[in-house]
Amino acid sequence: MNVRLFKPSVGEQELAKIKEAFDRSWLGMGPALKAFEKKWAAFIECEQAYGLNSATAALHLALMSFGFPEGKKVLVPSLTFASSATAALYNRLEPVFVDSDPVTLGMSLEDLKRKYDEDCVAIMAVHYAGHPLPMDEIMDFAQEKGLKVVEDCAHTAGAKYKGKMIGTWGHIGCFSFEEKKVMTTGDGGMICSNDPDALKDIKALRWVGIDKDNWKTAKKYTDTSNMDAMHWFYEISLPGYKYNMNDLAASIGLAQLERLPEMNRRRSAIIRRYLDGIAGMAHVQPLLPFEPERYYYWMFAIRTEQRDDLMVHLKSKGIATGCHYTPLSTQPLFERYGGSCPYVEQEAHKFITLPLHADLTNEEVDYVLEHLQHFQPQSKTGVSEISASKA
Ligand SMILES: Cc1ncc(COP(=O)(O)O)c(C=O)c1O
């Protein structure tokens, strides 16, 4: 058996939507994107949502939209993907790395408060694995200190924390539709806000500085009811990027969004099966207190003292594993910003991410569990505890 770590769940529904875009012969930024943005805003319960080509782009523009002066600081968890911190660098801001809470592995509030100083302007609130941060407490602290909050929701979509949609607690929420995520558009992202001012320049920033819907403009090229010759005219007032989502991606997104609740439920059922299966295993523990009936997770992982041996064992059985993440505070790129995160830096060598995607079968999950169970833990000296005790 070969069990994939992640896999996009795509098929006939996505193909049907792509065909609609082909039939329109409009693949760039157009009506499918508009429809996807509208449906996404309704789903996430936010006022505004703009489709981009990645969450990385969304995080970049989210921090840019606040207009922070160069050299200010952004509080970022150490345990996250590169983009949560490079978004600060793109804006000439400095990341300040925050350690993880030992239980949830989300950003530790205590360390956040400890690392804060008067140069801090924002918090990058990452819902690690999909487990929600205590957004009520984070927002209280942010308000007290005058900080902006960007929610990095690359690992979840569609769950509520204390009755409010994750992604709408902060000033701006960013989502990822990269191929491995809870839903996909191939590559893609969404930037969302309930603050009418926060995203006022996003349309220009995602389209090389031009705030114009070019499929609407194209209709004007042959519109005889308006015979002026300026239908092509546009102005550039911002140094924008080429960050837009296109209609091909948005078409996939429209189909995926319809399927998202069902895919979320399936991933939750798989996590419950994993949790029940590992409950009696002394050598592995769930990575964090997963609550799959309450929240939607992108990944499932365990902690073990024998990460490498167990990974090799699973690999030998055709089971793919991963490790999310090497703490950013230990990466060469970020060395110069200093600030250690001792808990997560010592703990991360225990993490193993296990296969999780909406198409994973119960048979595959049971196969993973069986081989987790069969693993013979080695003692620190490399000698099997079982064979050592027999000797
Ligand atoms: C926490 C986090 N933030 C941001 C991103 C960036 O997402 P994208 O690949 O859509 O740019 C990822 C991608 O894995 C992520 O895990």
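User: What's the handedness of the crossing of helix 10 and helix 12?
Analyst: Right-handed. By convention a crossing is right-handed if the near helix is turned clockwise from the far one by less than a right angle, left-handed if anticlockwise. This is a predicted model, where local features need pLDDT of at least 70 and side-chain atom pairs count only at pLDDT 80 or more, while totals for chains, interfaces and linings use all residues. Residues are numbered from 1 along each chain as its sequence is written, and side-chain values use heavy atoms, with hydrogens and water left out.

User: OK, and at what angle do helix 10 and helix 12 cross?
Analyst: Roughly 130°, and the axes of helix 10 and helix 12 (residues 362-374) come within 10 Å. Axes are lines fitted to C-alpha atoms, for helices over the stretch in contact, and angles run from 0 to 180 degrees between N-to-C directions. Helix 10 and helix 12 are therefore oblique to each other; angles under 35 degrees count as roughly parallel, over 145 as roughly antiparallel, 65 to 115 as roughly perpendicular, and the rest as oblique. Helices here are DSSP runs of H or I with at least four residues, strands are E runs of at least two, and numbering goes from the N terminus.

User: Which residues meet there, between helix 10 and helix 12?
Analyst: Leu310, His313 and Leu314 from helix 10 meet His371, Leu372 and His374 from helix 12, contact meaning heavy atoms within 4.5 Å. By class that contact has 3 nonpolar, 3 polar and no charged residues. For the classes, Ala, Val, Leu, Ile, Met, Phe, Trp, Tyr, Cys and Pro are nonpolar, Asp, Glu, Lys and Arg are charged, and the others, Gly among them, are polar.

User: Switching to helix 1 and helix 9: how do they pack?
Analyst: Helix 1 (residues 12-24) packs with helix 9 (residues 247-278) at about 145°, axes 8 Å apart. The crossing of helix 1 and helix 9 is right-handed. Their contact has 7 nonpolar, 3 polar and 5 charged residues. On the helix 1 side, Lys17, Ile18 and Phe22 are among those taking part, and helix 9 brings residues including Leu248, Ile252 and Arg259.

User: What else does helix 9 touch, on the sheet?
Analyst: Strand 10, strand 11 and strand 12, with the helix 9 direction making about 20° with that of strand 11. Those 3 strands form an open antiparallel sheet in the order 10-11-12; strands pair if DSSP finds at least two bridges between them. Strand 10 (285-286) and strand 12 (351-354) stand at the edges with a single partner strand each, so one side of each has no neighbour in the sheet. Strand 11 (residues 300-303) is joined to strand 12 by 4 bridges, and Ile302 has Ile352 as its bridge partner in strand 12.

User: And strand 9, how many of its residues are buried?
Analyst: 5 of the 5 in strand 9 (residues 189-193), so it is largely enclosed by the rest of the structure. Buried means under 20% relative accessible area, exposed over 50%, and partly exposed in between, using a 1.4 Å probe and protein chains only. Gly189, Ile191 and Ser193 cover one side, with Met190 and Cys192 on the other.

User: Which residue is the strand 9 bridge partner of Gly51?
Analyst: Met190. Strand 1 (residues 48-52) runs antiparallel to strand 9, with 5 bridges joining them. Strand 8 (residues 172-176) also pairs with strand 9 in the antiparallel sense, over 4 bridges, and Phe175 has Met190 as its bridge partner.
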